[in-house]
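Me: I have a protein model to go through. Can you walk me through it in plain words?

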Amino acid sequence: MKGDPAQGVEVIVLGTGTSHGVPMIGCECPVCSSDDPHDHRTRCSIVVRCAGMSLLVDTTPELRLQCLAQRINHVDAVLFTHHHADHVMGLDDLRRFNHLRKGVLPIYGMAGTLDRLQAMFPYAFQTHVRTQSSKPDLTRHEIDGGAFRIGEARITPIPLMHGQMPVLGFRFGDFAYCTDCNEIPESSFALLEGVSVLILDALRRRPHPTHFSLDEAVEAARRIGATRTYFTHIAHDLGHSETNAVLDEGMRLAHDGLRFAV
Ligand SMILES: [Zn+2]
Ligand SMILES: [Zn+2]
Ligand SMILES: [Zn+2]
């Protein structure tokens, strides 16, 4: 499936770390102790701006700090890849965006993801309680099929496997974001055809049951063939500069604060 070439996309990478973040609490390894700011990784999230919409993907435990650091002052909708804690625990901070936009904030995800969010944060979905800024005010939008639109922004969900768990990546024009996965189904390779910039999970060198290792991610990235691939969900095993020095041309570790246009 081809993206819509007229749909220009701007991407702001908010976080690139694995579930523990880097540095990890209580670790003094060379990467956790590194002075290089590229080795400091908050949990994985991005903002995508396209067709006049500002779309946040996931709400990490550091959402507030990430939005302050990257000056994110407007969000039109939130997309969720899955319900793991490192991707959702900052949900309460969405109330600030309710206030800024003076209205409800639509959130998008698979039914199972939204059910888990609603169980974790029931108050955020109680529409009869209107208490201004004291709680997020969210409306559910289930993703249950192919491409959909938020305003004029066209989004293609990319089904991925995260161990035994189905999760979603998302394609916006010629950019795709695929965090938290260790398998891309054949039908999803087809959905990724023609992407020019890809962000893909690459946890560490050693294999892992629910995340691509660096070698596995490189292999998948070569097959997808984007002009540029950035790796994310990075553990403390991978130092930024040492790892980038040995990656293929056109492949790099992402870092918090990375911005690019597609
Ligand atoms: Zn994760
Ligand atoms: Zn460490
Ligand atoms: Zn996960």
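Reply: One definition to start: buried means under 20% relative accessible area, exposed over 50%, and partly exposed in between, with a 1.4 Å probe and protein chains only. By that rule His236 is partly exposed, because its relative accessible area is 21%.

Me: Where does this model come from, and how is it labelled?

Reply: This is a predicted model: local features need pLDDT of at least 70, side-chain atom pairs count only at pLDDT 80 or more, and totals for chains, interfaces and linings use all residues. Residues are numbered from 1 along each chain as its sequence is written, chains are lettered from A and ligands numbered from 1 in the order written, and side-chain values use heavy atoms, without hydrogens and water.

Me: Back to His236. Which residues coordinate the zinc ion (ligand 2)?

Reply: Cys27 (SG), Cys29 (SG), Cys32 (SG) and His236 (ND1), at 2.0 to 2.3 Å. Donors are N, O and S atoms within 2.8 Å of the metal (3.2 Å for Na, K and Ca); water is not among the atoms, so sites may look incomplete.

Me: What is the geometry of that site?

Reply: Tetrahedral, with angles of 103 to 114° among the four donor atoms. Four donors count as tetrahedral if all angles lie between 85 and 135 degrees; four count as square planar and six as octahedral if opposite donors are over 155 degrees apart and all others between 65 and 115; anything else is irregular.

Me: Which parts does the pair Cys27 and His236 tie together?

Reply: Cys27 lies in the loop between β1 (9-15) and β2 (45-50), and His236 in the loop between β12 (228-232) and α7 (240-246), so the pair ties together parts 209 residues apart in sequence. Helices (H or I, at least four residues) and strands (E, at least two) are DSSP runs, numbered from the N terminus.

Me: Now the zinc ion (ligand 1). What coordinates it?

Reply: Asp86 (OD), His87 (NE2), Asp180 (OD) and His233 (NE2), at 2.1 to 2.3 Å. The angles there run from 88 to 163°, so the arrangement is irregular. Asp86 and His87 are both buried.

Me: How far apart are the zinc ion (ligand 1) and the zinc ion (ligand 3)?

Reply: They are 3.5 Å apart, and Asp180 coordinates both.

Me: New topic: the sheet. What is the strand order?

Reply: Seven strands form an open sheet, in the order β7-β8-β9-β10-β11-β12-β13, with mixed pairing. Two strands pair if DSSP finds at least two bridges between them. The edge strands, β7 (148-150) and β13 (251-253), each pair on one side only. β7 and β8 (residues 153-162) pair antiparallel over three bridges. Arg149 has Arg154 in β8 as its bridge partner.

Me: And the nonpolar core. How many residues are in the largest one?

Reply: It has 30 residues; Ile150 and Phe172 are among those with the most contacts inside it. A nonpolar core is a set of buried Ala, Val, Leu, Ile, Met, Phe, Trp, Tyr and Cys residues joined through side-chain atoms within 4.5 Å. Another core, of 29 residues, lies apart from it and includes Leu191 and Leu200.

Me: Last one: the backbone. Where is the cis peptide bond?

Reply: From Val22 to Pro23, with omega near 0°. Pro23 is in the loop between β1 and β2.

Me: What about phi at Ala51 and Asp58?

Reply: Phi is near 50° at Ala51 and near 75° at Asp58. Most residues other than glycine have a negative phi. Ala51 is partly exposed, at 38% relative accessibility. Asp58 is buried, at 0%.
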